[in-house]
Amino acid sequence: MRSRLLPAFALVGLSLASALASSAFAEPPADLADKLNAHSGQPLPIEAIDDSPVPGLYEVRLRGGNTLYSDAEGQYMIVGDLYQNADDGMINLTEQAANERRRALVDAVPEDERVIYKPAGEVKARLTVFTDPTCPYCHKLHAEMTQLNDMGIEVDYLAFPRMGPNSDAARQLAEVWCADNRSEAMSAAFRGDSVETAASCEAPIASQYRLGVESGIQGTPAIIFPDGKMVPGYLPAKRLATMLGINAGGDS
């Protein structure tokens, strides 16, 4: 029988919950990936399979950040976000889980592998930004770095060359990471100035690019909030401050 792809809310009218209740919080079947590939007719880029809050459904994470849900046989799949109808409103469980994974991945990057712009005074919040010096909107965000720092927001850059780890942007980013003063080198790269680098350096550009892909990033700038939430694209400094709960003053 062919696989059936159902929208997430198609579950509402089905009796799957009662039929699958006995397998609540069960470990994913060891052969579920094979079953999914057999039913789909082509290999899926499966990164990991975990249980889900819904009895009998398993969360299937694909490389690149997408998620789907499957029954134990890999026969029925739900493509879309999973929501919980909680007392205080609808909760996007898929997004919540993705944020938690992204936060853990980003937090695991040590400070000595980042390019850090730290406020002179109190650090009220930190944003992690995947960036590329050839990206116009990355330039626009970087132009507001002083404003962000003045509001107490630390900005940590990670590398995400949009054209891949063998591109010209990756080479520019490697020069930044190999510089004695990375923040000055990054600002120079955004200005289009040459960057002086150490004689030899193993820059983590390729590994950070893979981290970005694993985190679901497809373009730059990609702004990661402390809770792992991702905002793809540029936002003005005051808007970012408001989203962080910081009084930016004036219009946001």
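Predicted model: local features only at pLDDT ≥ 70, side-chain atom pairs only at ≥ 80, totals over all residues.
Local features required pLDDT of at least 70 and side-chain atom pairs pLDDT 80 or more, whereas totals for chains, interfaces and linings use all residues. Residues are numbered from 1 along each chain as its sequence is written, and side-chain values rest on heavy atoms, with hydrogens and water left out.

The largest pocket holds about 510 Å³ of space. A pocket is an open set of points on a 1 Å grid over the protein atoms alone, where a 1.4 Å probe fits, with protein on both sides within 12 Å along at least five of seven lines; lining residues have an atom within 4 Å of a point. Among the 22 lining residues, Gly65, Asn66, Ala98, Arg102 and Ser215 are the closest to the pocket centre. Helix 3 (93-107) and strand 3 (58-62) each contribute at least two lining residues, and the largest share, seven residues, comes from helix 3. Helices (H or I, at least four residues) and strands (E, at least two) are DSSP runs, numbered from the N terminus.

One disulfide (cysteine sulfur atoms within 2.5 Å) was found in the whole structure. The disulfide joins Cys178 to Cys201, with an S to S distance of 2.2 Å. Cys178 lies in the loop between helix 6 (168-177) and helix 7 (182-191), and Cys201 in the loop between helix 7 and helix 8 (205-214), 23 residues apart. Cys178 is buried at 11% relative accessible area, whereas Cys201 is partly exposed at 38%. Buried denotes under 20%, exposed over 50% and partly exposed in between, with a 1.4 Å probe and protein chains only.

Terms used. Points joined across faces, edges and corners; volume = space filled by probe spheres on them.
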